[in-house]
Amino acid sequence: MSEFLEGLNLTVLGVTIVFTVLSILAVVLYAVGWTERRLVERENAAKAATPTPSPAPSVKEEKPEIPPRDLAIITAAILAYTAEKASQLRPLPLRRKVSDAWRLYGLQSGMEEVEDFNYEIGKW
C-alpha cells in the first residue's frame, strides 16, 4: 500500500509541476503581448502627433498590361514545353533482389527466440 501512496504522491507532484510551469509560461506570453501592444500604440500615437507634409501629387506606376492574345500564346508555349519535358521522363529500372535469404533468416531467428523463450519458462 505504501508503494501505491508513493506513486500517487509522485504523480500529483509531477502534474502540479507541469501545470505550474505551463501557467508561468502563459503569464509570460500574455505580458509580452501586452507590452508589444503598448509599444505599437505609442508608435501610432507618435506618428499621429508629428505633422506630415502634404503629399505631392504622385505618379502611379502602371504595370504594362499583357494583351489576352499574347497571354494565351505564352501560356500555350509554357504548356507545350512542360509536356515535352514530361514525355522525356523515363521510369527507373527496378532491381530484383538477389535472394530472399535475409528475410527468411530473420523469420527463422524470430521463431527460434520464441521457441527458446517458451521452453525456458516451461509453458508450451
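This is a short tour of a predicted model, stop by stop.

**Stop 1: the whole chain.** Show the protein chain as a cartoon. You will find 3 helices and 0 strands. Start at the N terminus and walk along: the elements run α-α-α.

**Stop 2: confidence.** Now colour by pLDDT. The average for the protein chain is 80. Of the residues, 75% score at least 70. Select helix H1, residues 2-49. Confidence is highest here, at a mean of 92. Then select helix H3, residues 101-121. Confidence is lowest there, with a mean of 69.

**Stop 3: the surface.** The protein chain exposes about 12,800 Å². Carbon and sulfur atoms supply 66% of that area. How much of the chain is buried? Buried residues make up 0% of the 124 residues.

**Stop 4: a nonpolar patch.** Select Val15, Val18, Phe19, Leu22, Leu25 and Leu29. Together they make a nonpolar surface patch of about 570 Å². Zoom in on Phe19, which sits in helix H1. Is Phe19 buried or exposed? Its relative accessibility is 51%. Exposed means over 50%, so Phe19 counts as exposed.

**Stop 5: a salt bridge.** Hide the surface and show side chains. The structure holds 1 salt bridge. Which residues form it? Select Arg69 and Asp70, whose side chains meet in this salt bridge. The N to O distance is 3.8 Å. Why can such a pair form? Side chains of opposite charge can pair when their charged atoms come close.

Now look at each partner in turn. Arg69 counts as exposed because its relative accessibility is 63%. Asp70 has a relative accessibility of 32%, so Asp70 counts as partly exposed.

How values were computed:
Residues are numbered from 1 along each chain as its sequence is written. Side-chain values use heavy atoms; hydrogens and water are left out. Helices (H or I, at least four residues) and strands (E, at least two) are DSSP runs, numbered from the N terminus. Buried means under 20% relative accessible area, exposed over 50%, partly exposed in between (1.4 Å probe, protein chains only). Accessible areas come from the Shrake-Rupley method with a 1.4 Å probe; for residues, only the protein chains shown count as cover. Patches are made of residues with over 30% relative accessible area and no salt bridge: like charges are joined within 9 Å, nonpolar side chains (Val, Leu, Ile, Met, Phe, Trp, Tyr) within 5 Å. A salt bridge is a side-chain nitrogen of Lys or Arg within 4 Å of a carboxyl oxygen of Asp or Glu. pLDDT is the predictor's confidence in each residue, from 0 to 100.
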